[in-house]
Amino acid sequence: MIYKHFQQFLMRLYQTETCQGLLRDEKSLIDFALRKSFGLYVLQIGLTSWRPLLDSCRLTQKILVDDSIVEDFFDAYIVADLNYLPIRNDSVDMVFLPHTLETVEDPYHLLRQIDDLLIAEGKVLITGFNPIGCAVFMQKVGQNRAMFKQANLISPARIVDWLRLLGYDIEWIGFSATTCLANSKPSGKIARRFGQAMSFVGLETGNVYAIMAKKRISSPTPVGLNWKLSDWMRVRKVGKSVSAASRQEPAAPMKNAKMKKG
């Protein structure tokens, strides 16, 4: 089940003048995460903004997966339920989740599906709202609190734990600036120092986060080769070495030998 209302709410929210700062911060994090990404297919699951978020992506084909058709800035569209992605396994180079984990009922189930369809060393880019972000907190207690209560606002630390459990290497984690107003410009000196102090004690107060992770390749173990090698070594250990003297045939007895006198 998709929390479609929250997804549509984000599309309207990012179009308002008061929340342009949140979208701008998220776009900066996405551009930074994609600066060294290459490949053929990038799959964006869910649409939360009418602004193209993957315009700086160097992957060739940009495909959108959503539960409704959107005539937008993608090369292809797939209409599907996000709980059952109709995509072949090991076929996608990168998956982009813009607040998607916040709009589905079972985020970990979606991550397991993504793990199946990604190729070896494929990447996943996840963005979301930081639950302890100052501007996010203001949204949760302000006029939009009813919509934010519908969302699965997940801490980035928990997402990192899920990814590592699935066998991913975390390449980069980024947070936006510490601000308390959604439409504010980059933080001033006081807010920046506050954010640095909170980061020093292990708390990130940026409103938006981005996580880039890579699918780890596990080297296969040659079981058959080890079994044969083990047997061969066992034979060498059990077998007895034969000395050169024992390999010589015993001398034949001398019959009727006569000693010659010198």
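Colleague: Why is Lys 27 called buried?

Modeller: The model is a predicted one, in which local features need pLDDT of at least 70 and side-chain atom pairs count only at pLDDT 80 or more, while totals for chains, interfaces and linings use all residues. Residues are numbered from 1 along each chain as its sequence is written, and side-chain values use heavy atoms, with hydrogens and water left out. Buried means under 20% relative accessible area, exposed over 50%, and partly exposed in between, with a 1.4 Å probe and protein chains only. Lys 27 has a relative accessible area of 5%, and is therefore buried by that rule.

Colleague: What makes the contact between Asp 31 and Lys 27 a salt bridge?

Modeller: The term requires a side-chain nitrogen of Lys or Arg within 4 Å of a carboxyl oxygen of Asp or Glu. For Asp 31 and Lys 27 the N to O distance is 2.7 Å, so the pair qualifies. Both residues lie in helix α2 (residues 20-33), four residues apart, about one turn of the helix; helices (H or I, at least four residues) and strands (E, at least two) are DSSP runs, numbered from the N terminus. Asp 31, at 28% relative accessibility, counts as partly exposed.

Colleague: Which residues are linked with Lys 27 in a network of salt bridges?

Modeller: The network joins Lys 27, Asp 31 and Asp 55. Asp 55 and Lys 27 meet at 2.8 Å, N to O. That pair links distant parts of the chain, 28 residues apart, with Asp 55 in the loop between β1 (41-45) and β2 (61-66) and Lys 27 in helix α2.

Colleague: How do you know that Asp 90 and Lys 215 form a salt bridge?

Modeller: Their N to O distance is given as 4.0 Å, and the pair is counted as a salt bridge under the rule. Here too distant parts of the chain are linked, since Asp 90 is in the loop between β3 (76-79) and β4 (92-98) and Lys 215 is in strand β7 (residues 208-215), 125 residues apart. Asp 90 counts as exposed at 51% relative accessibility, whereas Lys 215, at 14%, is buried. By this rule the count comes to six salt bridges.

Colleague: Which residues of helix α6 are buried, and why are they placed on the same side?

Modeller: In α6 (residues 156-165), Pro 156, Ile 159, Val 160, Trp 162 and Leu 163 are buried. They cover an arc of only 160 degrees around the axis, which puts them on the same side of α6; the arc is that of the directions from the helix axis to the C-beta atoms. On the other side, Ala 157, Arg 164 and Leu 165 are exposed.
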